[in-house]
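Please walk me through this structure, taking a few local features in turn. I am new to it and would like a plain account.

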Amino acid sequence: MPHAPAPTRPAWVLAMLGGLLASANAADEPASTAFFETKIRPVLVEHCAKCHGAAIAAPKGGLRVDTRDDVRRGGDSGPGVVPGKPDESLLLQAIERTGDVAPMPPKTKLPAAVVADFRAWIAHGANDPRTPDAAKPAPATADADWWSLRPLTRPEIPNAGRDAGRNPIDAFLRVRLDAKGLKPVAEADRRTLIRRVTHDLTGLPPTPDEVAAFVADADPTAYERLVDRLLASPRYGERWARHWLDVIHFADTHGLEHDQLRPNAWRYRDYVIASFNRDVSWGRFIREQIAADALYPDQPSLTAALGFLGAGPYDRSAAGTAPKNFEYLDRDDLVTQTMSAFVSTTVNCARCHAHKFDPIPQEDYFALQAVFAGVGKGDVAFDEDDEVGRRRRTAKALLAAAETGQGAVLLRPEHQAHVIAWEQTRVPVAWRTMDAEVFTSSDGSVLERRPDGSILATGTRPDKDVTTLTLTTPMRRITGLRLEVLADDSLPAHGPGRADNGNFHLSEVAAQVFQPGADKPRSLHFRRATADWNQDQWTIAHAIDGDPATAWGVSPKLGESHHAVFELDAPLDLEPGAKLVVVLKQSHGRGHLLGRFKVSAADAPGDSLIAIPEPARTALETAPEKRTEAQRVALAAAVLRAVAESDLARLPAAVKVYAASNSAENERGIVAITTPRVIRVLRRGDLDAPGPEAAPGALSAVSSLKGRFDQVARDDEAGRRVALAEWLADDRNPLTWRSIANRVWQYHFGRGLSDAPGDFGRMGDPPSHPELLDWLAVELRDGGSMKRLHRLICTSEAYRRASAHRDDAEAVDPGDRLVWRMSRRRLEAEEFRDAVLAVSGRLDDQAGGPGSAQFKTLPGIQVTPKLDYETFDWDTPGAARRSIYRIVWRGMPDPLFDALDFPDATLMTPVRGFSASPLQALALLNNPFVLRFSAHFAARVEAVGKTTDDHVRAAFRLALLREPSTDELAAFGKLADVHSLAAVCRLLFNSNEFLFVD
C-alpha cells in the first residue's frame, strides 16, 4: 500500500524547524524567536485562539491573539501583554488564574512549566516575530490589485489572425495547452454530444428519434442548430433556474424550528424560469430581484422577482421572542446571500471584525445591512397583469384623494363629470329602520333595545364578540342595508365603540334571508360598501373582504356617530313573513366592540346607495351654483370614493409571493415598516455594543464605484435597494460580471475557471485562465444575452471534446484545469428523476403554478408537520411533473434526492457536492419512486414488439439511446424471463451509463 502523503505544514512550522537546526540552543533563550515558536505560539494557537481567535462570533472580552499587536493591545480590560512587565500583563494573569480577568483556558489550568515559560517570555521583552499584518488584510493599495477587483476590460483574443474564425474560447485555451505541450482529445461522437448538450441545456435526455435524426444529419451546421433549438425550448429555463435556486438557498418552507410551508413562494420560482427563457439581461435580472417595485412601478407583475429577498430560511420562533436579534440575523442571511450570489464575496466574514483576508471593513458589512433595514419577510400582494395593476393604482390614487380631500385632484374636469352624472341620476334614499326581533351576543355582552330601534351593548365587555340580529321589515324589496354606529354618553369616550378610546373594529358583516317555507336560508352578497368615515388602513371595504384579520374603524373621529352602507349585488325580494339575519363579527380583541348601533334598509338604485357624510349632505341641499369650494370638494370626495371603491371591487384579487418588502404579511400580521431601522456598527458584532450609525452602501474596495449611497434620503427605503441594485448591475463592477461568467462556465464544465464560485477573495481560487474569464464577463456584460454566452460555450471545441482519459495528458494536468478533455459527470438528482419520468413515458409537461407535494403530510407537534415520502402514491395527479416544480421542504428532504446530493436548502450552494456510496445504489434500486416508474417503463416497452428481445432492445434504445450488444441482449433477456421486465428497467436506471453523462 502506498504511503499517505505527509500533511502540509504551515510556513511558520517549517521556519521553526529550520531555526532549530541552525541553533539547537536558541530555544532555551526566552528572548529568542525559537523560544516563541516552540513554547509560546503553540499555546496561543492550541488554547487561546479557541476563544480569542478569528471566529464568526466576537472574541471573548475583545481580546484577540492572532497577531503581535492584537496580543499587546488586549481587550476590554486592558493590555494583554506589556513587554518586560509580567505582572501588568493581563494575558499572564488569565493563564495563572490570578487577578480579576477570566481564566484561560477556561476549563483546565495549563501546566506550571508552560506558565513559567510565559512569564519568562514576557519578562524578556515578549519577542513576537509575527508582524502586525500577519493575519490581517494587505494594505488597500495591494488589495485593489487583487484579480477579482481589477477593472474589467476586454482582453485581446490570442492569435486572432492565425485562428480567424475560431471560437474565441478555444483561442484562449489553446495558449495554455500549447505552453504545456498538450494536445486535446478528439471530439465526442454524435450520440454523446446530443445527450450531453440536451441534458446540459434542458436537464432532460434526448429521445431516440432525436438522436437518430442528429446522427444522420450531414449538414455542417446541424450541431449549431441543435444548440439553438435547445436554448429556445421552455425546458431550458426550467433547467437553469434550478442552478440559481441552489445559489440563493431557495425552498418552499421556512426551515429551522418552525418549518412551515410558504404557499406563495413558487411564484418566484416561476419568475426565474420565465426570466431565463426570455433571456433577460443579467443587469436587468439583478435590478428586478433587488428593487423591482421601485425601478419598474408600471410593471407590478415583476413584484414576483422580490422573492429573491425572501428566498432564505426564516426563524419564526426567533421573530416572536427576540426581535432585535432575529432581525439582525435575518438581515445577515440576506446580505450574505446577495453578495455571495451576485459578486462572489464573503462579506459576512466582516460582521464581527474587519475581514481577515479581504479588504472588507466591518463598516461595509453594516452598510449592506442598512440597505435592507426597511424590509421584512412575508407574503407581498401584487397584480400579475400589468394593466390590472395600472387600473388599481389609478383607483387607489383617486380613493386616497377622496379620503384626504385633495381638491386639486377631485375637482379636475374628468372627475367632476362623474359627480355631475351621479347627482343628475341620483334618487333620494329613504332608509327605514328594521325591527330587531332577536339580538344575541356570542360572548356575554348585554344587548338592550332603545326606543329609536337601536341596540346598546352594556354589561361585561368581552375581548371579542359576534352579534347576531334577526330583523323584519314591511318592505317587499331591498337593495341595500345601512349600519349606523351611534355616539352615546354611556360609552367610553362617548363611543360609538366600547374600546377605551371609543373605537370599534368591525371585522366582517354577513347576511342571510329566511323566506317563509324555505328549507334553508340564502346567503346575501354585497357588491360594495361605503362609509362616511374610514380610519386609515381600516376601511369599510375590510368588513366585506372575507378576511378576519382586517376591519373597519373610525379613529380619530371618535365620540361621533357614523354610518356605513352595504349595497346588495342584486335586489332582494321579500315575501311576507321573511326574516333577515345580520351577523356583525368583531374579532380583533381588546374590547374593540360595537357600542350602540342600528340597521336600516332601503329600496333605491345602486348608484344612489352610498354613504354621504354631513358636509356632502349639506352640499347636496345647496344649489350647485351657490356651493362653496369646500362643499364641492366634500361632495366630490363622497361620490368619487364610491367610484374608486367600485372600480377596485371589479378588479381581480391581487396574488401574493413570499418575498421581503416594506409591507409584508406574516405570522405577526401585516408588517409595514414606514421608516428604515437605524443600523449601527456593532463592536465585535455584539448587539449590546452599538457604535456609530451605518449609512447604506456596499463594498468600498471596488474602486470604480462609490462605496456609500450618499444620494439616498435617510427615510427612502426603496431608494436604498435601488442604489444597491444599480451598484451590483453597474458595468464598472468587475465582481458582478466575473461572478456570473464563472458560474456559467462551471455549470457547463463541472468546475469554474475559478474553483471557488462563491469566494473571489484571497481564500478563494484564482482563475486558471484569467484572460478567458474576463473576455467571457465582458461578452456577457456588453452583449446582454445569457443564451448567446451558452451558445459560445456549447459550440466551442473544448465543450465538444470527448471525456476519454489519456495518460500523457493526465501526467501534465491531472485535474484537467487546462480543459484538454471534457469531464464526465453524474446526473443531478433532478436530472435523474426527470430522466426516469421521460424514459418511462410518464413525464408531465405542465409548467408553472403551485408546487407538487410528493409526500403525505401528517400533523406535527407544532406548526411543522411530519412528511411521509415512503407511502406517497406516485400515480396521483401532478406527481410526474418536472422536479423543478416539486415542493422542497427545507428541514425534511426527500430521501432519494438526499442520496443523490441534492443540496441542503438552509445553505447557499455555489457547487453541489458529490458522493458515491452503497446508499445511493440501494436508493436507486429500492426507492418507491424508482420501483413505480420501473413498472411504468416496463409497460411502455412491452408495447413494442412481441418477444423478450424486442422488449430489451426497446428498453436500451429509450434508456441508453443505443442498441444492446449480443451479450447484453442475452443477459438482460434472461433477467427479464426470470425476474420480470421491470427488473431490467430498474437495472438500466441504476447503470452508470444512465447515471453519468460523458
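## Loops, a helix pair and a buried arginine

Arg-684 sits in the loop that runs between β17 (680-682) and β18 (690-693). The model is a predicted one. Although Arg-684 is not a glycine, its phi is positive, at about 55 degrees. Its relative accessibility is 17%, so Arg-684 counts as buried, the cut-off for buried being under 20%.

A positive phi is also found at Ser-980, another residue that is not a glycine; here the value is about 95 degrees. Ser-980 belongs to the loop between α33 (966-979) and α34 (981-989). With a relative accessibility of 32%, Ser-980 counts as partly exposed.

Next come two peptide bonds. Gly-495 and Pro-496 are joined by a cis peptide bond, with omega at about 10 degrees. Pro-496 is located in the loop between β7 (477-485) and β8 (508-514). Ser-555 and Pro-556 are likewise joined by a cis peptide bond, and in this case omega is about 5 degrees. The loop that holds Pro-556 lies between β10 (526-531) and β11 (562-573).

Helix α13 (residues 282-295) packs with helix α22 (residues 717-729) at an angle of about 170 degrees, and their axes are 8 Å apart. Because of that angle, α13 is roughly antiparallel to α22, as angles over 145 degrees count as roughly antiparallel. On the α13 side, the contact is made by Gly-283, Ile-286, Arg-287, Ile-290, Ala-291, Asp-293, Ala-294 and Leu-295. On the α22 side, Ala-718, Arg-721, Val-722, Ala-725, Glu-726, Leu-728 and Ala-729 take part. Sorted by class, the contact of α13 with α22 has 10 nonpolar, one polar and four charged residues.

The last stop is Arg-886, in the loop between β21 (866-868) and α29 (895-899). What is the nearest side chain of opposite charge to Arg-886, and how many Å away is it? That side chain is Asp-894, 4.5 Å away. Arg-886 has no salt bridge, yet Arg-886 is buried. A salt bridge would need a side-chain nitrogen of Arg within 4 Å of a carboxyl oxygen of Asp or Glu. Leaving aside neighbours within four places in sequence, Arg-886 is in contact with Asp-252, Ser-852, Gln-854, Asp-894, Phe-897 and Phe-902.

Definitions and conventions. Residues are numbered from 1 along each chain as its sequence is written. This is a predicted model: local features need pLDDT of at least 70, side-chain atom pairs count only at pLDDT 80 or more; totals for chains, interfaces and linings use all residues. Side-chain values use heavy atoms; hydrogens and water are left out. Helices (H or I, at least four residues) and strands (E, at least two) are DSSP runs, numbered from the N terminus. Buried means under 20% relative accessible area, exposed over 50%, partly exposed in between (1.4 Å probe, protein chains only). Lys and Arg count as positive and Asp and Glu as negative; His and the chain ends are not counted. Contact means heavy atoms within 4.5 Å. Axes are lines fitted to C-alpha atoms, for helices over the stretch in contact, and angles run from 0 to 180 degrees between N-to-C directions. Angles under 35 degrees count as roughly parallel, over 145 as roughly antiparallel, 65 to 115 as roughly perpendicular and the rest as oblique. Ala, Val, Leu, Ile, Met, Phe, Trp, Tyr, Cys and Pro count as nonpolar, Asp, Glu, Lys and Arg as charged, and the others, Gly among them, as polar.
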